[in-house]
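Please look at the sequence and the structure below side by side, and keep both in view while you read.

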Amino acid sequence: MANLITLSRLILVLVVIFLAHFASPPWHLLNVVLLILAFVTDALDGAVARKRGETSQFGAMFDIATDRIVELSLWVLFATLGLVGLWVPLLFIARGSITDSIRAAELAETGRAPFQSLDSPVSRWIVAGVFMRVFYAVIKAVTFCWLMLTFAVSALLPDLSAAILSLLQIAGQALVLLSVALCLLRGVPVLVEFLRRESARANRKLPNITVR
């Protein structure tokens, strides 16, 4: 059941992408509702898995992969719609690739799960803390829904005053920048601690040289 809920999130986002590109303007408002449903299922699948005793490594990996696909697909969608710059999805792709590679390397070498490979309490709070994880997820969800709402309003009400459209766009860009800042903030500790551990490993491997 939990995996089906996860799959439904992916399907909902694919429908959103299709409607945004090929449907008439009235359908764009439906996209806002579909995005809200998609983000609700993000919180629902984990709760259902725990309640029904369906937690598994596959389920966890499927959920993480779906989250990544959904997030990157939406950033690319909004870039193609002209609502965010191309640099935004490229930044998220680069950050995700770097942190995922580091976590995969740490898991293979030490067996520690992604959120357990951080040594500093501050790093653990920023990256793995419940508050930061939920806050980051909520900010991204609000950003995506706001951008879609802006797109729908612009398409449905082309004669709306420029001042109102400008306010919608400014608020959307502020949310985008906040999402980017949180993305970088939560990625930096992973990279810094990895480089620190690699430096320590390299120093341990250096031979002791006695100068006479």
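The accessible surface of the chain comes to about 12100 Å², and carbon and sulfur atoms account for 72% of that area; accessible areas are calculated by the Shrake-Rupley method with a 1.4 Å probe, and for residues only the protein chains shown count as cover. What you see is a predicted model, in which local features need pLDDT of at least 70 and side-chain atom pairs count only at pLDDT 80 or more, whereas totals for chains, interfaces and linings use all residues. Residues are numbered from 1 along each chain as its sequence is written, and side-chain values use heavy atoms, with hydrogens and water left out.

Since the model is predicted, its confidence deserves a look. The mean pLDDT of the chain (the predictor's confidence in each residue, from 0 to 100) is 84, and 85% of the residues reach 70 or more. Confidence is highest in α6, with a mean of 93, and lowest in α2, with a mean of 83.

The chain has 7 helices and 0 strands, where helices (H or I, at least four residues) and strands (E, at least two) are DSSP runs numbered from the N terminus. Of the contacts in the chain with a separation of 6 or more, 76% are between residues 24 or more positions apart, a contact being heavy atoms within 4.5 Å.

Next comes the interior. Of the 212 residues in the chain, 39% are buried; buried means under 20% relative accessible area, exposed means over 50%, and partly exposed lies in between (1.4 Å probe, protein chains only). In soluble globular proteins, nonpolar side chains tend to be buried together. Here, the largest nonpolar core has 36 residues, and those with the most contacts inside it are Leu35, Leu74, Trp75, Phe78, Val84, Phe92 and Met148. At least two residues of this core come from each of α1, α2 (26–52), α3 (57–80), α4 (87–110), α6 (130–156) and α7 (162–205), and α6 supplies the largest share, 9 residues. A second, separate core of 6 residues includes Leu118, Ile126, Val127 and Phe194. In both cases, a nonpolar core is a set of buried Ala, Val, Leu, Ile, Met, Phe, Trp, Tyr and Cys residues joined through side-chain atoms within 4.5 Å.

Two residues let you follow such contacts one by one. Once neighbours within four places in sequence are left aside, leucine 74 is in contact with Val13, Leu35, Phe39 and Phe144. Valine 16, which is found in helix α1, counts as buried because its relative accessible area is 0%. Not counting residues up to four places away in sequence, valine 16 touches Asn31, Leu34, Leu35, Leu77 and Met148. Valine 16 and valine 32 are 16 residues apart in sequence, and their C-alpha atoms are 8.5 Å apart in space.

Helix α1 (residues 2–22) also holds leucine 7, but this residue is partly exposed, with a relative accessible area of 35%. Together, Met1, Leu4, Leu7, Ile11 and Val15 make a nonpolar surface patch of about 440 Å². Patches are made of residues with over 30% relative accessible area and no salt bridge, with like charges joined within 9 Å and nonpolar side chains (Val, Leu, Ile, Met, Phe, Trp, Tyr) within 5 Å.

Finally, consider the charged residues. Side chains of opposite charge can pair when their charged atoms come close. The structure holds 4 salt bridges, each defined as a side-chain nitrogen of Lys or Arg within 4 Å of a carboxyl oxygen of Asp or Glu. In one of them, aspartate 67 pairs with arginine 9, the closest N and O atoms being 2.8 Å apart; this pair links distant parts of the chain, as aspartate 67 is in helix α3 and arginine 9 in helix α1, 58 residues apart. Aspartate 67 counts as partly exposed at 26% relative accessibility, while arginine 9 counts as buried at 1%.

Aspartate 100 forms a salt bridge with arginine 68, with 2.7 Å between the closest N and O atoms. Because aspartate 100 lies in helix α4 and arginine 68 in helix α3, the pair ties together parts that are 32 residues apart in sequence. Glutamate 193 forms a salt bridge with arginine 197, the closest N and O atoms being 3.4 Å apart, and these two residues of helix α7 are separated by about one helical turn because they are 4 residues apart.
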